[in-house]
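Colleague: I would like to learn how to read a structure of this kind, taking one feature after another. Could you show me the general idea each time and then the case at hand?

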Amino acid sequence: MTVLVAAQQTETPDTLPSLQARLAYRGGEVGSTAGIAPGFVQGNLAILPAEYAGAFHRFCQLNPKPCPIIGMSDVGSPHIPALGADLDIRTDVPRYRVWRDGEVVDEPTDVTGYWRDDLVTFVLGCSFSFEEALLDEGMPIRHIEENVRVPMYRTNIACGVSGPFAGPMVVSMRPFKPADAIRAVQITSRYPAVHGAPVHLGHPHLIGIKDIAKPDYGDPVSVADDEIPVFWACGVTPQSVINAAKVPFAITHSPGLMLVTDLKNRNMAVI
């Protein structure tokens with residue numbers, strides 16, 4: 001999808017790479033969104049019935065590292081104008097997950113048929129945003145190099161509890177040499193709205209990860225002998241929580257296949 005990767009020389013609302021990405025996914029394109037529409041913020045989705053929205057909103061407030069809210073819809077609306085003028089939550093993600101009683105029952109490319117008038121959409125910050133800053137510093141991103149989805153793992157780090165929402169934090173992993181890992185901490189600390197600094201470095205077993213080669217979501221990547229795994233809080237956390245809470249109905253994105261917004265990554269930095 002070269003049309004999605006190349007930035008436009010002169011951007012107008014109709015030619016934004018982010019909109020072109022959404023239109024491609026709306027038209028049926030499927031694939032990882034890592035590296036797509038460079039410069040634009042991507043988001044994780046958690047779509048819940050209104051009766052659960054208040055408790056989930058508080059869950060996000062209690063757990064800002066994995067669940068930084070960057071957008072929220074009105075009840076029943078599939079649009080969030082602040083994230084994109086031509087944006088339809090029902091069609092613009094490459095692949096979704098539909099949940100019933102905490103289990104995935106379908107993974108469609110369009111959830112129009114599942115849409116309900118009582119649904120509230122939460123869009124959460126994504127680590128793909130800070131990856132741009134890492135790449136700008138010449139730091140390699142292994143899953144992009146290997147053309148796979150970022151590896152993600154359930155941990156033994158407990159999230160703060162709100163109503164039925166409780167469970168383990170999910171983390172994403174990128175390997176770096178120790179000196180680069182220190183630099184990665186410094187760089188990503190500037191982006192609290194998209195997970196910020198790592199939550200753990202090295203020793204995966206200390207956070208409950210038994211085998212780094214077997215991620216719970218995404219794909220494994222190679223880790224060299226002179227590298228350490230660096231773990232960031234991940235916006236897939238709501239999916240582990242939805243599973244644990246046995247929520248009667250929910251919709252999320254498929255891990256690694258995100259919503260591309262019209263927000264700019266540079267605006268996510270605090271300094």
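Modeller: Let us begin with strand pairing: β1 and β10 run antiparallel and are joined by 2 bridges, where strands (E, at least two residues) and helices (H or I, at least four) are DSSP runs numbered from the N terminus, and two strands pair if DSSP finds at least two bridges between them. Within this pairing, Ala-46 has Thr-252 of β10 as its bridge partner. This is a predicted model, in which local features need pLDDT of at least 70 and side-chain atom pairs count only at pLDDT 80 or more, while totals for chains, interfaces and linings use all residues. Residues are numbered from 1 along each chain as its sequence is written, and side-chain values use heavy atoms, with hydrogens and water left out.

Colleague: Which residue of β5 stands opposite Ile-47, and how many bridges join β1 to β5?

Modeller: Ile-47 stands opposite Thr-121 in β5, and β1 is joined to β5 by 7 bridges, the two strands running antiparallel. β1 also pairs with strand β11 (residues 259-264) in the antiparallel sense, over 3 bridges, and there Gln-42 stands opposite Val-260.

Colleague: Why is β1 described as largely enclosed by the rest of the structure?

Modeller: One reads this from burial, where buried means under 20% relative accessible area, exposed means over 50% and partly exposed lies in between (1.4 Å probe, protein chains only). For β1, 10 of the 10 residues are buried, so the strand is largely enclosed by the rest of the structure.

Colleague: What does Asn-44 touch, leaving out residues up to four places away in sequence?

Modeller: A contact is a pair of residues with heavy atoms within 4.5 Å. Asn-44, which lies in strand β1 (residues 40-49), counts as buried because its relative accessibility is 2%. Beyond residues up to four places away in sequence, Asn-44 touches, among others, Phe-122, Cys-126, His-195, His-253 and Met-258. With His-253 the link is also polar: the side chains of Asn-44 and His-253 make a polar contact (3.2 Å), a term for a pair of N or O atoms within 3.5 Å of which, within protein, one must be able to donate a hydrogen and the other to accept it, residues adjacent in sequence counting only if both atoms are side-chain atoms. Asn-44 and His-253 are 209 residues apart along the chain, yet their C-alpha atoms are separated by 6.5 Å.

Colleague: How many residues does the largest nonpolar core have?

Modeller: In soluble globular proteins, nonpolar side chains tend to be buried together. A nonpolar core is a set of buried Ala, Val, Leu, Ile, Met, Phe, Trp, Tyr and Cys residues joined through side-chain atoms within 4.5 Å. The largest here has 32 residues, and those with the most contacts inside it are Leu-45, Ile-89, Leu-134 and Phe-176. Elements that give two or more residues to this core include β1, β5 (119-125), α4 (128-136) and α6 (178-188). A second, separate core has 27 residues, including Ala-46, Phe-122, Met-173 and Ala-250.

Colleague: Which residues of α4 are buried, and what covers them?

Modeller: The buried residues of α4 are Phe-128, Ser-129, Phe-130, Glu-131, Ala-133 and Leu-134, and their cover includes β1, α5 (142-145), β7 (168-176), α6 and β9. Just after α4, Gly-138 takes a positive phi of about 80 degrees.
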